[in-house]
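Here is a short briefing on one protein model. It goes from the overall fold to a single residue.

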Amino acid sequence: MITERYFFKTVLNIPFAEAVEKAREALATEGFGVLTEIDVKATLKKKLDKEFRNYIILGACNPSLAFRILQAEKQIGLLLPCNVVVQDGVGGTSIVSAINPEVAMESVGNPDLAPTADEVSRKLKKVIASLE
């Protein structure tokens with residue numbers, strides 16, 4: 001697993017479709033549901049008639065943690081849900097990455113968000129680590 005300030009990422013030696021399913025399963029294990037799914041490849045083809053690699057954005061939400069965050073900050077919905085990206089890598093690999101919610105929540109400047117952001121961050125790290 002590669003951990004960076006803004007996201008967590010892993011490269012899997014499995015095809016894209018399998019990586020999407022594994023990511024969904026790993027999210028569910030940590031209490032996240034997928035609220036939205038954006039198929040970037042299909043959208044770019046439809047809207048711009050452009051070819052693009054397989055690229056899915058999963059909008060993941062852990063309801064109890066989201067509720068705590070929403071109680072602490074009225075406008076935090078601008079940063080929700082937590083995005084997890086699954087995309088084609090090189091040579092038949094797939095890349096799965098997730099936003100680091102601690103960094104995203106820091107930008108709001110509300111210290112009451114820190115404990116829950118830390119918890120969400122730990123869960124998303126577990127999701128990524130479980131895929132390796």
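This is a predicted model: local features need pLDDT of at least 70, side-chain atom pairs count only at pLDDT 80 or more; totals for chains, interfaces and linings use all residues.

The protein holds five helices and six strands. Its radius of gyration is 15 Å, close to the 14 Å from the globule rule for 132 residues, so the protein is as compact as a globular protein of that length.

**Fold and dimensions**
- Starting at the N terminus, the order of elements is β-β-α-β-α-β-α-β-β-α-α.
- Along the principal axes, the C-alpha atoms fill a box of roughly 45 × 35 × 25 Å.
- Take contacts between residues at least 6 apart in sequence: 70% of them join residues at least 24 apart.

**Burial, surface and charge**
- Of the 132 residues in the protein, 38% are buried.
- The accessible surface is about 7500 Å². Carbon and sulfur atoms account for 55% of that surface.
- The protein carries 16 positive and 17 negative charges.

**Gln87 in focus**
- Gln87 sits in strand 5, which spans residues 82–88.
- Is Gln87 buried or exposed? Its relative accessibility is 13%. Buried means under 20%, so Gln87 counts as buried.
- Which residues does Gln87 touch, leaving aside those up to four places away in sequence? They are Phe16, Arg53, Asn54, Tyr55, Thr93, Ser94 and Ile95.

Conventions. Residues are numbered from 1 along each chain as its sequence is written. Side-chain values use heavy atoms; hydrogens and water are left out. Helices (H or I, at least four residues) and strands (E, at least two) are DSSP runs, numbered from the N terminus. The radius of gyration is taken over C-alpha atoms; the globule rule is 2.2 Å times the number of residues to the power 0.38. Buried means under 20% relative accessible area, exposed over 50%, partly exposed in between (1.4 Å probe, protein chains only). Contact means heavy atoms within 4.5 Å. Accessible areas come from the Shrake-Rupley method with a 1.4 Å probe; for residues, only the protein chains shown count as cover. Lys and Arg count as positive and Asp and Glu as negative; His and the chain ends are not counted. The place of a charge is taken as NZ of Lys, CZ of Arg, CG of Asp or CD of Glu.
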